[in-house]
Amino acid sequence: MPKKELKKMKIDEITQYFMNKTTKQNMKLIRAIGHLIIEDFEEFEKDLKYVIETKKEEEIKRAFESKIWKSKMMFSKADRVLVFNRINKIRDFGEILARKMLLYRVVFPDEQFKNDIKEILELLKTVLLDLASAVKSIGKDLEHSYEVSQKIKNEHLKLRNKAWELLSKLYNYEMDFLSRTFLYLKDLIEGIVILADVAENFAGYLQFLATKYLIFE
Amino acid sequence: MELTSILVIILVIMGITLAFSIGANDETLSALVGANITKFKIALIIGGIATGAGMIFLSGGVGKMVGENILGEGIEYTTFMLLSVLISSIIWLIIGSFSGIPLSSTHSTIGSIFGVILVFSLFQGDVDPTTALNYEILSSVVISWFLSPIFGFLFTYLLFKIISKFFLSRLKGMNQIEKSEKSFSWLLLIAVIFAEIWVGANSAECIGIFHALWSNGSLTLIEKDFFVVICGIFVFLGIFIAGRYVIKNLASQMTDARPCEGFIIQISSSIILMICTLLSLPISHSHVIVFCILGLNLAQKREIDYRSLGKMAIYWVLTFFIAGILGGMIYMGFLSVSLI
């Protein structure tokens, strides 16, 4: 999107745009891990580089900041800044995970492990897509945003449990890994969990917002 | 210069200073400033003009009630009585301020009048205490102190329920809410101006002094009106010069408050204040506001600190009696040193 168009957008539209952009990046991240599982390293690197190299967010941030401080919003200004910052936080964690993953080309121990990772990735995908939907709703329907956030919390819990199982499996394999492989897989699982944690925390904040704004219900 | 003339000058200065302090302690504008509707200085100017105008043009009834009608037939204030009333209410209000208890200057003034007149009737004027004051008016004033907060509470509660049911609860998203709050901010501006007018009009403790000085012949009608205008100007200056600190401080705690809530509180309290002013009843604006906030909190099912409220209510009731005792003692002091 050209700069001019970005400048014409309203605060809510810029927030949505940033959220969509972040979600798209994180979907690429999930896809990259999918490529890693099938050992398609070329596509894996291509997707991760997309996550890391996107420069658009600086422009989006500048457009948002210049709009928000000039706006004559009565009282939702601070909350909107916090929502934007939380989107940025998700983006940052996605980028950190992508950078870590580029450090080494891992080969997964077995099919079961691959399937387990796929399962966790599916849950992460649901969490992140739901989060995008929840953020999208704050402008028009906070109630919906609240409900979706609740769903995110439930999915996050499933993801966490699955991740603990997988970590325990990793530590208790009968065969010995290369230490690099072990560390990489451990970091990968933990990175996914952290990303899901940040998303869950964001969902909690959206629920707080809904409660705060829908006090008259 | 005669002692009486010196005392009249002192009373006039005290009356004008009181007008300044009414402005300096006025917190009505904080809702407007907290919602960031206008620039701070513009809010101060608007509020100051409204309060000053209310005091100049609409305070006659309340002023007459405090400065004349509350007394029994044939009784009028002497300069020492007025001085005792003022000193006693100032002392009690200062005690209240240092103890962190919000006290009403209106209650304090009326209580002091009660004490001073009672001492006068018992020890000096040879007047029957049962006729020294117009108890019909005094009781209606005291009743209005209880009724005005209760009506403020009920009015706010109902107004909130109605606006909430038919409008606020139908707003679903942040954009809609933001838009509606923007509209409410303009209504809040109108409500605050309206409230300030009636705050000025109900400033009994200040206008009452000038009315009393006029009714006992210390001031001519033109002089009285002139000083009322001066009071109007000083209430403006009080808000503009000193009130800004109270307003800024309270406004900084209100950044999360919604203009619709501010509007409901301000419009409810100002309607109560208007009715009482039109009935020439001096009431406490802050007491009404506290109960309006209480009504809103209850309507929103928010937590209420009943302990602090109970403590406040005790002091509200005590104010009348303590100010009365203080006023009586001070007047007695003047009597004992044979100044009168």
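This dialogue asks how labels on a predicted model follow from computed values.

Student: What are the ground rules?

Tutor: The model is predicted, so local features need pLDDT of at least 70 and side-chain atom pairs count only at pLDDT 80 or more, while totals for chains, interfaces and linings use all residues. Residues are numbered from 1 along each chain as its sequence is written, chains are lettered from A and ligands numbered from 1 in the order in which they are written, and side-chain values use heavy atoms, with hydrogens and water left out.

Student: What makes residues 204-215 of chain B a helix, α10, and what span is expected?

Tutor: A helix is a DSSP run of H or I with at least four residues, numbered from the N terminus. Helix α10 of chain B has 12 residues. The expected span is 1.5 Å times one less than the number of residues.

Student: Why is α10(B) called largely enclosed?

Tutor: Buried means under 20% relative accessible area, exposed over 50%, partly exposed in between (1.4 Å probe, protein chains only). In α10(B), 10 of the 12 residues are buried, so the rest of the structure largely encloses the helix. Among them are C206(B), F210(B) and L213(B). The cover, judged by contact (heavy atoms within 4.5 Å), includes α1, α3 and α11 of chain B.

Student: Why does D128(B) count as partly exposed?

Tutor: Its relative accessibility is 40%, so D128(B) falls in the partly exposed class. D128(B) sits in the loop between α6 and α7 of chain B.

Student: How do you know that F18(A) and F84(A) are stacked?

Tutor: Rings of Phe, Tyr and Trp (its six-membered ring) pair if their centres lie within 6.5 Å; planes under 30 degrees apart are stacked, over 60 edge-to-face, the rest tilted. By this rule there are 20 aromatic pairs over all chains. For F18(A) and F84(A), the centres are 4.6 Å apart and the planes 25° apart, hence stacked. F18(A) lies in helix α2 and F84(A) in helix α5 of chain A, so the pair ties together parts 66 residues apart in sequence. Both F18(A) and F84(A) are buried.

Definitions and conventions
Helices (H or I, at least four residues) and strands (E, at least two) are DSSP runs, numbered from the N terminus.
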